[in-house]
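Please keep the sequence and the model in view while reading.

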Amino acid sequence: MNRQPAAADRFYPGSRSALEQMIAGLMPDATAKKEQAIALISPHAGYIYSGKLACETISAAVIPEQVLIIGPNHHGRGDPVGVSTADWDMPQGTVPVDLAFARTLVNCSPLITADENPHRHEHSLEVQVPFLQTFQKNLKIIPIAVSQISYDDCVGVATAITDAVRQTRTQPLLLASTDMSHYESRLSAGRKDKQALDCIIDLDPQKLYRTIIENNISMCGFIPVAITLLAAKLLGATSARLVGYTDSGETSGDLNQVVGYAGFVIT
């Protein structure tokens with residue numbers, strides 16, 4: 001059975017027409033030349049909060065037919081690193097999973113399993129898909145949901161991704177899904193998030209992992225981002241560009257309890 005939407009009508013409109021209209025309204029005003037990115041980092045809150053930055057980030061890159069999306073497993077269901085192998089039904093149409101890549105990935109590491117349980121109720125990967133569909137009509141995805149794992153296991157997962165790239169002779173765009181600090185004042189969130197943003201700009205996944213833990217930064221997707229940075233560097237990445245940083249207070253007006261959002265293009 002195909003995976004059904006878990007976030008439609010909550011994080012984004014559930015009807016195709018309303019969703020496409022909303023995405024059109026989130027498009028950047030200026031049309032810049034699209035970059036040949038190895039990876040992206042994009043926020044995953046409701047579109048009214050982070051959709052504009054997510055759209056700006058994803059629209060900045062050439063979106064190939066094959067995209068590996070890796071995000072946090074907020075619910076903790078299922079295996080620690082679970083790949084979905086069921087096609088995803090979305091308001092804009094069904095998105096197939098790249099089964100050949102997914103199966104190769106599972107065979108590359110015992111850390112990675114084919115498991116639908118992490119994905120059934122998870123929004124972090126799903127909210128990226130409508131933007132990807134907008135810019136790539138022939139989209140195939142490899143969705144990976146990750147729970148709390150060690151840095152050494154992050155290295156193992158990233159190595160498996162690059163091994164799968166070489167074995168399949170393809171190179172999907174990597175997309176890490178994360179929000180930044182949660183439910184702190186804008187001042188506190190901004191200070192903490194800058195530490196994490198600096199690690200990403202420096203392409204330093206080990207420092208990012210350590211910084212999040214040591215400073216108690218509530219960045220929900222730091223493990224997917226660390227894995228993505230590791231894999232991107234193995235695939236030749238040399239720079240990361242911050243597309244933008246914002247927080248939920250821009251929409252809600254509440255600056256005492258914000259969630260931070262960041263977008264990056266990695267080349």
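Tyr 209 is buried (under 20% relative accessible area, with exposed meaning over 50% and partly exposed in between, for a 1.4 Å probe and protein chains only), since its relative accessible area is 15%. The model is predicted, so local features need pLDDT of at least 70 and side-chain atom pairs count only at pLDDT 80 or more, while totals for chains, interfaces and linings use all residues. Residues are numbered from 1 along each chain as its sequence is written, and side-chain values use heavy atoms, with hydrogens and water left out.

**Aromatic pairs**

Tyr 209 and Phe 222 form an edge-to-face aromatic pair. Rings of Phe, Tyr and Trp (its six-membered ring) pair if their centres lie within 6.5 Å; planes under 30 degrees apart are stacked, those over 60 edge-to-face and the rest tilted. Phe 222 is buried, as is Tyr 209. This pair links distant parts of the chain, 13 residues apart, with Tyr 209 in helix α7 and Phe 222 in helix α8 (residues 222-234). Helices (H or I, at least four residues) and strands (E, at least two) are DSSP runs numbered from the N terminus.

By the ring rule, the count comes to four aromatic pairs. One of them joins Tyr 151 and Tyr 209, and it is edge-to-face because the ring planes stand at 70 degrees. Tyr 151 lies in helix α5 (residues 151-168) and Tyr 209 in helix α7 (residues 205-214), so this pair ties together parts that are 58 residues apart in sequence. Tyr 151 is buried, with a relative accessible area of 15%.

| Pair | Centre to centre | Angle between planes |
|---|---|---|
| Tyr 151 and Tyr 209 | 5.7 Å | 70 degrees |
| Tyr 209 and Phe 222 | 5.3 Å | 65 degrees |

Elsewhere, ring pairs link Tyr 12, Tyr 47 and Phe 131 into a cluster.

**Helix α2**

Helix α2 (residues 47-59) spans only 15 Å between its end C-alpha atoms, whereas a straight helix of 13 residues would span 18 Å. The expected span is 1.5 Å times one less than the number of residues. Buried residues of α2 include Tyr 47, Ser 50, Leu 53 and Ile 58. The buried residues of α2 pack against α1 (16-26), β1 (39-42), α4 (129-135), β6 (173-177), β8 (240-247) and β9 (258-266), where contact means heavy atoms within 4.5 Å.

**Val 155**

Val 155 is placed in helix α5 and is partly exposed, at 32% relative accessibility.
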